[in-house]
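Visitor: Could you walk me through this model and show me how to read its features?
Guide: Gladly; let us look at it together.

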Amino acid sequence: MTSTFPNISISTERLVLRPLDEDDVPALAAMMNDEQVAAWTDVPQPFDEDAARTWITEHAPAERAAGRGLDLAVTEFLTQRLVGVIQLTKTNWRVRSTELSYIVAPWARGEGYASEAALATAQWLFGDQKLERVELRTAADNTASQQVAQKIGSISEGVLRNACIAHVRADDGTWTDTRTDFIVWSLLPEDLDGAAEHLADTGGFASFTDWS
C-alpha cells in the first residue's frame with residue numbers, strides 16, 4: 001500500500017502552513033508570474049488563474065494521493081495572507097526521503113519566511129513522519145536559495161553538472177532556456193540539532209530574495 005502525507009497544518013511563531021485551497025488562486029497566480037520564479041523554475045509563463053486552480057484542485061491532490069509529495073500554502077499567522085509555498089516531491093517511502101523546495105512571494109521577501117517555513121517542515125517530517133532524509137536542489141547561480149539551505153542546517157553533498165535548466169528573459173520579453181548545475185543539499189534528523197537556536201542567535205530568520 002502506498003503511503004501518503006496527511007492533510008495537516010504546521011504553525012510557527014509567524015506562519016501557518018496548510019493545504020492550498022481555491023481561495024489562494026489569485027495570490028498563487030500573482031506569485032508564480034514573478035521574474036525570479038520564471039528564472040529558476042519550470043513554471044509555465046504566463047501563469048494565469050486557471051493554471052493556479054488546476055494546481056490546487058488537480059495536481060496537488062493527485063501528488064498527495066499517489067504518495068509522491070505534498071504542497072503547502074505558507075500564510076502569515078496574523079493576516080492569513082499567502083506569502084509562499086512549500087513543496088515536497090519525489091518522496092520515497094521505503095527510503096523515507098523526500099525533496100523539499102520553497103517559494104516566497106515578491107512582496108513578502110526580506111522577512112525570512114523561506115527559512116522559517118522550510119525548517120518547520122523539516123522538523124515535522126523528521127518528527128511526525130519519521131523520514132530520514134530531506135533533499136534540496138539549488139541552481140548553481142541561485143546563491144540566495146543556497147543561503148536558505150545553509151541556514152536551516154543543510155549539508156552540501158556535491159554538484160550535478162549541467163542538470164538544471166534555468167531561464168533568461170530576452171529583450172522581446174520571451175524566456176530562453178539556459179543550462180547550469182544543481183547543487184545537492186541534504187538534511188538528516190541530526191542536522192537539525194541547534195538549527196533553530198542558530199537562527200535565533202543570528203537575529204532570527206534571515207532574509208533571502210530567491211527561492212529553490
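Guide: In helix α1, spanning residues 25-32, the buried residues are Val25, Leu28, Ala29, Met31 and Met32. Buried means under 20% relative accessible area, exposed over 50%, and partly exposed in between, with a 1.4 Å probe and protein chains only. Seen down the axis of α1, these buried residues fall within an arc of 165°, so they line one face of the helix. The arc is that of the directions from the helix axis to the C-beta atoms.
Guide: Please keep in mind that this is a predicted model: local features need pLDDT of at least 70, side-chain atom pairs count only at pLDDT 80 or more, and totals for chains, interfaces and linings use all residues. Residues are numbered from 1 along each chain as its sequence is written, and side-chain values use heavy atoms, with hydrogens and water left out.

Visitor: How are helices and strands assigned here?
Guide: They are DSSP runs, numbered from the N terminus: helices are H or I with at least four residues, strands are E with at least two.

Visitor: How should I read the pairing of α1 and α3?
Guide: Two packed helices are described by the angle between their axes and the distance between the axes. Here the axes of α1 and α3 come within 8 Å and cross at roughly 110°. That makes α1 roughly perpendicular to α3, a label for angles of 65 to 115 degrees; under 35 is roughly parallel, over 145 roughly antiparallel, and the rest oblique. The axes are lines fitted to C-alpha atoms, for helices over the stretch in contact, with angles from 0 to 180 degrees between N-to-C directions.

Visitor: Which residues meet there?
Guide: From α1 come Val25, Pro26, Leu28, Ala29 and Met32, which meet Glu49, Ala52, Arg53, Trp55 and Ile56 in α3. The residues of this contact divide into 8 nonpolar, no polar and 2 charged. In this scheme Ala, Val, Leu, Ile, Met, Phe, Trp, Tyr, Cys and Pro are nonpolar, Asp, Glu, Lys and Arg charged, and the others, Gly among them, polar.

Visitor: Is Asp24 buried or exposed?
Guide: Asp24 counts as buried, at 5% relative accessibility. Asp24 is in the loop between β2 (15-19) and α1. Leaving out residues up to four places away in sequence, Asp24 touches Arg18, Pro19, Ile56, Ala73 and Leu82.

Visitor: What should I look for in the backbone angles?
Guide: Most residues other than glycine have a negative phi, and most peptide bonds are trans. In this model, a cis peptide bond joins Gln45 and Pro46, with omega about -5°, and Pro46 sits in the loop between α2 and α3. Gln80 has a positive phi, near 65°; Gln80 is in the loop between β3 (70-76) and β4, and is exposed, with a relative accessible area of 64%. Arg96 also has a positive phi, of about 65°, although it is not a glycine. Arg96 lies in the loop between β4 and β5 and counts as partly exposed, at 24% relative accessibility.

Note on methods:
Contact means heavy atoms within 4.5 Å.
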